[in-house]
Amino acid sequence: MSYEAFALQQATGIIYSMSACILKAYKYRLYPNTEQQEFFAKSFGCARFVWNKMLHDKIEHYEKTKTTLKNTPAQYKKEFEWLKEVGSLALANVQLDLQKAFQSFFKSSFGFPKFKRKGIKDSYTTNNQKGTVAVTSRSIKLPKIGLIKAKIDREINGLIKSATVSKTPAGRYFVSVLVETIAQPLPKTNSSVGIDLGITDFIVLSDKTEVVNPKFLAKYEKKLAREQKILAKRREVAKAANRKLSESRNYQKQRLKVAKVYEKIANCRKNFLHKTSFNLIKNHDVIVIEDLNVKGMVKNRRLAKAISDSSWSEFATMLTYKADWYGKQLVKIDRWFPSSKTCSGCGHVLGRGELTLAIRQWQCPSCNAVLDRDYNASINILNEGLRYLLSITKTLGARELAQSICITSDGVQRTPSSLCIT
Ligand SMILES: [Zn+2]
């Protein structure tokens with residue numbers, strides 16, 4: 001065994017031997033009765049009201065005094081008595097979410113917290129206090145409301161922390177149950193892989209695998225465009241007849257149809273991302289990706305559609321937490337690393353403007369190798385990730401590596417199974 005292979009095994013072996021505590025979410029479809037639907041509507045409404053009120057007061061206070069207002073949901077209960085009708089936990093969670101939104105705004109490139117509108121991402125979160133949230137074979141128990149009929153297609157494994165109830169624009173209810181559990185490492189494969197974000201494919205791997213975007217997405221997207229056209233027509237008809245959109249039955253019926261197709265697309269895409277990320281984690285011990293600045297790249301028109309379509313950032317997030325769950329190692333390399341324009345054979349780097357997006361294949365002027373653009377990039381990404389992994393194994397002792405804990409921007413403590421070198 002070469003020293004490099006040995007060091008790599010050491011670095012990954014440490015990760016495997018640690019049993020990390022992880023948070024996992026289980027999502028179930030809910031079938032609330034009329035009374036329960038009313039309770040949910042009230043909870044969504046109160047959560048939204050408190051969010052908007054607290055945000056509004058914070059902004060106003062800052063404009064007047066240039067200092068931060070420390071307001072709490074409790075102080076609004078006197079003036080708005082109906083807030084007492086929903087659980088105090090739901091309101092306490094709004095405060096936490098608002099804090100997180102401000103933290104993300106100050107720490108990263110996230111935008112300023114936005115006001116919430118009815119019907120868009122309706123949700124509220126409550127916590128488990130000694131069994132107030134529970135999952136049975138056919139229902140979910142929630143504080144203040146009791147048992148709600150649910151489709152339980154996966155068994156929960158771990159300690160329930162909280163539950164978030166949501167309603168989609170198409171009118172379906174879901175609950176996401178957050179559980180604390182112990183990570184279950186997957187078996188070692190002694191394989192490592194580099195991933196390049198493809199332009200025509202979804203991703204290209206350094207073992208030459210090309211993962212294409214699922215075809216059914218294009219089919220549903222055509223359907224979505226068709227239904228949206230009909231919706232626009234119905235809007236005009238209602239306008240011409242001087243009818244309010246909320247009172248136009250034809251418009252509302254079509255609006256629901258559009259929402260359903262939209263949800264279908266989102267679900268299909270999510271399933272595809274879950275399946276692809278899990279397979280990568282299962283088949284490889286070390287996975288190297290580029291830490292892409294998707295926001296910056298979307299500005300580039302030609303790449304915009306490819307990137308937003310393939311939901312790269314969601315995919316990277318899935319790889320990050322799945323690496324944690326299953327004891328594998330994800331390495332993110334610097335976004336400015338010239339992965340595309342470096343020859344993976346001899347290391348020659350092309351100059352500025354020598355490799356346009358249209359070029360799918362190029363010949364290295366130094367060693368004459370003919371290179372496939374994406375495949376060549378994925379090899380460079382893998383090599384750069386391995387080089388980095390070796391450098392930290394050399395500088396850090398095994399114990400230090402195991403003990404070093406990074407704190408991510410969301411405040412979660414992580415074991416070093418996902419490393420970032422930007
Ligand atoms: Zn070359």
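**Helix packing in a predicted model**

H4 passes H5 in a left-handed crossing. I start there, with one caution: this is a predicted model.

Stay with that pair for a moment. H4 and H5 pack with their axes 9 Å apart, at an angle of about 160°. Angles over 145 degrees count as roughly antiparallel, so H4 and H5 are roughly antiparallel to each other. Who makes the contact, by class? There, H4 and H5 bring together 13 nonpolar, nine charged and three polar residues.

Now the whole chain, quickly. It has 422 residues, and buried ones make up 27% of them. It holds 10 helices and 17 strands. Take the contacts with a separation of 6 or more. Of those, 69% join residues 24 or more positions apart.

Back to H5. This helix has 35 residues. What span should we expect, at 1.5 Å a residue? The answer is 51 Å, and the end C-alpha atoms of H5 are 51 Å apart, so the two agree. Which residues of H5 are buried? They are Tyr251, Arg269, Leu273, Ser277, Leu280 and Ile281. And what covers them? The cover includes strand S8, helix H4, strand S11 and helix H8.

H8 is the next partner. H5 covers residues 249-283, and H8 covers residues 312-326. Their axes are 9 Å apart, and the angle is about 45°. From H5 come Leu273, His274, Ser277, Phe278, Leu280 and Ile281. From H8 come Glu314, Phe315, Met318, Leu319, Lys322, Ala323 and Tyr326. Sorted by class, the contact of H5 with H8 has nine nonpolar, two polar and two charged residues. Leu273, Ser277, Leu280 and Ile281 are buried residues of H5, and they take part in the contact with H8.

Next, a second pair of helices. H2 runs over residues 34-65 and H3 over residues 88-107. Their axes come within 9 Å and cross at roughly 40°. That makes H2 oblique to H3. The crossing of H2 past H3 is right-handed. On the H2 side, the contact is made by Ser43, Cys46, Ala47, Val50, Trp51, Met54 and Leu55. On the H3 side, it is Ala90, Leu91, Val94, Gln95 and Leu98. By class, the contact of H2 with H3 has 10 nonpolar residues, two polar and no charged.

Which residues are buried in H3? Leu89, Ala90, Leu91, Asn93 and Val94 are. What do they pack against? The buried residues of H3 pack against H2 and against strand S2, residues 122-127. Ala90, Leu91 and Val94 are buried, and they also belong to the contact with H2.

Now leave the helices. Go to Cys21, in strand S1, residues 21-31. Buried, partly exposed or exposed? Cys21 has 13 C-beta neighbours inside 10 Å, so it counts as partly exposed. Where does the chain come back to it? The C-alpha atoms of Cys21 and Ala183 are separated by 6.1 Å, although these residues are 162 residues apart along the chain. Setting aside neighbours within four places in sequence, Cys21 is in contact with Glu180 and Ile182.

Last stop: two asparagines in loops. Asn190 is in the loop between strand S7 and strand S8. Its phi is near 55°, a positive value in a residue other than glycine. Asn190 has 11 C-beta neighbours inside 10 Å, so it counts as exposed. Asn368 is in the loop between strand S13 and strand S14. Its phi is positive as well, at about 70°, and Asn368 is not a glycine. How many C-beta neighbours does Asn368 have inside 10 Å? It has 10, so Asn368 counts as exposed.

Conventions: Residues numbered from 1 in each chain as written. Predicted model: local features only at pLDDT ≥ 70, side-chain atom pairs only at ≥ 80, totals over all residues. Axes fitted to C-alpha atoms, helices over the stretch in contact; angles between N-to-C directions. Helix = DSSP H or I, 4+ residues; strand = E, 2+ residues; numbered from the N terminus. Contact = placed C-beta atoms within 7 Å. Nonpolar A, V, L, I, M, F, W, Y, C, P; charged D, E, K, R; others polar. Parallel < 35°, antiparallel > 145°, perpendicular 65-115°, else oblique. Left-handed = near helix turned anticlockwise from the far one by under 90°. Buried ≥ 20, exposed ≤ 12 C-beta atoms within 10 Å, placed from the backbone. Expected span 1.5 Å × (residues − 1).
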